[in-house]
Amino acid sequence: LPGFTSKVDAIKIQATPNGDGTWAVTSNSPMTATADAPDLFNFSMGAKSFTWSGTYSEALYSFSDSKYDMTGFTMSQRTIDPKTKMISYTATAVESMSGVSTATDAGNGLANSDASISFSGVVSSTTIDMPAEAAQGGMPDLNYVANVPKGTYSSNAKGLSAKPVLDLMAFFVAHPSKELLVKDQAILKEKLLAALPFFASLEGNSNFEGMTVETSVGKFALSSFGTSIGMNGAVKDGRFAEGISLTGLTLPEGLPLPPWSKGLIP
């Protein structure tokens, strides 16, 4: 893109051998990044503090355990549609977030992993400015602000391709040019096929508590809002399932709804 610029601050990682085939790995670096494309979009993100630590296992080809803590995370973006001239602004702030994960050996260079994340003080806003023609036609600007006091997310993955994926990454590091990739494309195909399907199965569940959404027509509220997802890897007999659950839905006063819809509100 003409005039595109970006910047990502360096992430410093310290790895210390434990002498038993494992490494103690730590990082305490500011997590900031910016990007800008004139007349198209700009983006920025950062955190006041971000600490991460884990134990890397040479036998597992993965981290057997890890944890992180982050505070004061912010992210914002402005996008301009070149055709409609519609301008959208999004901004998100997270007061704090922490997570832990563990992994165990599944054999043949594969790993099983469990992870959980908890967060608090999430505020996300979106504003869409309509172009003059749309505004004159009666299309109002759109905006909303969502608040989530706290929430959690957990996941379970089986058969992660730990070693095959590392082998694939090492291949690209050793082949930094197009010419080298073309020369050894047969080897690349072998390593890519060995890494697929990346995982055997993946399950995830999230829950948001006390969620509210302020809109131009009033406030929507949910006591709890949850999502679930389940899938297996990219295989012939694929499986994908997702679910949504919500309780305590409150709608703005005076919101016009057809009579038949009242019984559908949980």
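**Pocket, surface patch and salt bridges**

Fifteen residues, written here as 15 residues, line the largest pocket, and those nearest its centre are S62, F63, A103, S113 and L160. The model examined here is a predicted one. Strands contribute to this lining in a clear pattern: β6 (49-57), β7 (62-80), β8 (87-107) and β9 (110-129) are the elements that each give two or more residues to it. The volume of the largest pocket comes to about 240 Å³.

A nonpolar surface patch is formed by L192, L193, L196 and F198, which together have about 350 Å² of accessible area. One of these residues, L196, sits in the loop that runs between α4 (185-195) and β11 (201-215). L196 counts as partly exposed because its relative accessibility is 38%, a value that falls between the 20% limit for buried and the 50% limit for exposed.

Attention now turns to charged side chains. Side chains of opposite charge can pair when their charged atoms come close. K150 belongs to strand β10 (residues 142-160) and E209 to strand β11, so that the pair links distant parts of the chain, 59 residues apart. Both partners are partly exposed: K150 has a relative accessibility of 45%, and E209 has one of 34%.

A salt bridge also joins the side chains of K163 and D167, with an N to O distance of 2.9 Å. Here the two partners share helix α2 (residues 162-174), where they are four residues apart, or about one turn of the helix. K163 is partly exposed at 28% relative accessibility, and D167 is likewise partly exposed, with a relative accessible area of 29%.

The side chains of R239 and E203 meet in a further salt bridge, at 3.1 Å from N to O. R239 is in the loop between β12 (218-232) and β13 (240-247), while E203 is in strand β11, so this pair ties together parts of the chain 36 residues apart in sequence. R239 has a relative accessible area of 40% and is therefore partly exposed; E203, at 32%, is partly exposed as well.

A134 is placed in helix α1 (residues 132-136) and is partly exposed, with a relative accessible area of 24%. Between A134 and Y61 there are 73 residues in sequence and 55 Å in space, taken from C-alpha to C-alpha. P252, for its part, is located in the segment after β13. P252 is buried, because its relative accessible area is 8% and buried means under 20%. From the C-alpha atom of P252 to that of K158 the separation is 43 Å, and the two residues are 94 apart along the chain.

Key:
Residues are numbered from 1 along each chain as its sequence is written. This is a predicted model: local features need pLDDT of at least 70, side-chain atom pairs count only at pLDDT 80 or more; totals for chains, interfaces and linings use all residues. Side-chain values use heavy atoms; hydrogens and water are left out. On a 1 Å grid over the protein atoms alone, a cavity is a set of points where a 1.4 Å probe fits but cannot get out, and a pocket is an open set with protein on both sides within 12 Å along at least five of seven lines; lining residues have an atom within 4 Å of a point. Grid points are joined across faces, edges and corners, and a volume is the space filled by probe spheres set on the points. Patches are made of residues with over 30% relative accessible area and no salt bridge: like charges are joined within 9 Å, nonpolar side chains (Val, Leu, Ile, Met, Phe, Trp, Tyr) within 5 Å. Accessible areas come from the Shrake-Rupley method with a 1.4 Å probe; for residues, only the protein chains shown count as cover. A salt bridge is a side-chain nitrogen of Lys or Arg within 4 Å of a carboxyl oxygen of Asp or Glu. Buried means under 20% relative accessible area, exposed over 50%, partly exposed in between (1.4 Å probe, protein chains only).
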